[in-house]
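Me: Please examine the aromatic ring pairs of the protein shown below, together with the confidence of the prediction.

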Amino acid sequence: MSTEDPERFGPFLVLERLGAGGMGTVYLAQSLGGRRVAVKTIRADQAADPGARERFRREIDAARRVSGFWTAPVVDADPDAATPWVATAYLDAPDLGEHVRRHGPLPATGLLVLAVGLAEALAAIHHAGLTHRDLKPANILITEDGPRIIDFGIAREDTAATLTTVGGILGTPAYMSPEQAGGARTDPASDIFSLGAVLYYAATGTGPFGHGTIPALLHRVVHHDPDLTAIPDALRPALTACLHKEPRRRPTAAALLALLTNPPAPIDGGPPRAPEPAPAPRTPAWWEQPTPTVRYTVPLPPQQPPSDDSPAADANGWPVKATVPEPAGPAFATGAQAVLEYQAEHQQVRGRAPGPRVDTAAAGDVVQHDRFGIGTVIEVDGEGPHAVARVSFGPQKNIKRLQLRYAPMRKIGI
């Protein structure tokens, strides 16, 4: 920090400067009770501009309208101060850009989890009537409980090359939508395009339109289609829909969430859902077996002589074979015996099913089922592979009861 940095913003004591960019400065501060906050300000020359001050006020109101579950909640703000400022909860987590630089591009499973989390966050933002307008890796924090979208146009640690105003266009060129790059009016569809560009970066480590000068990037955004061959097959349809040049052809955040959690579902005139595979043949259970039959040899009475073509009789009479139903008995054995017989047959026929399985699960775990997609474990009854888990799948919260021993699913996470 320098002598020009303030010591306090309202009730918050400044601890250190986190960064400064073309739009303003970000400080780490703490409240009287010791809670840490991130305080963001705008530059002095912008503070003197009534339009910039009003835009700062609108951005504060926008951030307050979105649930803190999807972003860093606003704690306090003073847009009318000599140096306008806003304090948000400090999230000690790397942004997506830093995460990719440290660990490389995300694997397919982690990429899907990121895509679902960002689609949920954008659905909440758009439901509040807002458009972010600057969705990029630096504005996405990778926290333990999922991604958080921050900075609704409010200044933070940026460089002049990554957050810039070109001819009145505010945003980041590498992640702009074509309509935003052309200076047209933006709406939630613009955020969907930016989301596709962010996911491309997370999958490859570079933006969908490469590097270069700002005019070159804007030209590619408007006129070029990105190469999606490096994108995993499971996410390629979603990114193709997000990066469509026509805003009306892009899915809404809710439709994108449905596509990500149920990949075969059609979107934007895509191919129809693939037919369900035929069930695999199985061995009938013991109670489904046909009634057994028994063969007996019954002697004929001595006074009935055999016919000419009958076999020769022995000392006990003439042998004949007849099919006689088994003597009637109870339909089921005793309860204990039935359970033992069922378990023995069940283990012999099925055993442990092939494919990925979860040996243990706990409430809150995120799992991916081969048929139902991504879900969250609500509760677990029992222990070990014989435990039964209640799992909520998809945005409709479709709840399934699954035995861990046979459920074709696995844990996932970033």
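The questions and answers below concern a predicted model.

Me: How are the rings of Phe9 and Tyr27 arranged: stacked, edge-to-face or tilted?
Reply: The ring centres of Phe9 and Tyr27 are 5.5 Å apart, and their planes meet at 40°. Planes under 30 degrees apart count as stacked and those over 60 as edge-to-face. The angle of 40° therefore makes the pair tilted.

Me: How many residues apart in sequence are the parts that Phe9 and Tyr27 tie together?
Reply: Phe9 belongs to strand β1 (residues 8-9). Tyr27 belongs to strand β3 (residues 24-30), so the parts tied together by the pair are 18 residues apart.

Me: Is Tyr27 buried or exposed?
Reply: Residues under 20% relative accessible area count as buried. Tyr27 has a relative accessibility of 5%, so Tyr27 is buried.

Me: Which residues do ring pairs link into a cluster?
Reply: The count of aromatic pairs comes to 5. Ring pairs join four residues into a cluster, namely Phe9, Phe12, Tyr27 and Trp85.

Me: Which element has the highest mean pLDDT?
Reply: The mean pLDDT of the protein is 78, and 72% of its residues reach 70 or more. Strand β9 (residues 164-166) has the lowest mean among the elements, 44, whereas the highest, 95, belongs to α6.

Me: How many contacts beyond four places in sequence does the model have for residues 264-272?
Reply: Over residues 154-167 pLDDT stays under 50, and the model has 42 such contacts there. Over residues 264-272 pLDDT also stays under 50, and the number of contacts beyond four places in sequence is 12.

How values were computed: Residues numbered from 1 in each chain as written. Predicted model: local features only at pLDDT ≥ 70, side-chain atom pairs only at ≥ 80, totals over all residues. Heavy atoms only, no water. Phe/Tyr/Trp six-rings, centres within 6.5 Å; stacked < 30°, edge-to-face > 60°. Helix = DSSP H or I, 4+ residues; strand = E, 2+ residues; numbered from the N terminus. Buried < 20%, exposed > 50% of the residue type's maximum accessible area, 1.4 Å probe, protein only. pLDDT = per-residue confidence, 0-100. Contact = heavy atoms within 4.5 Å.
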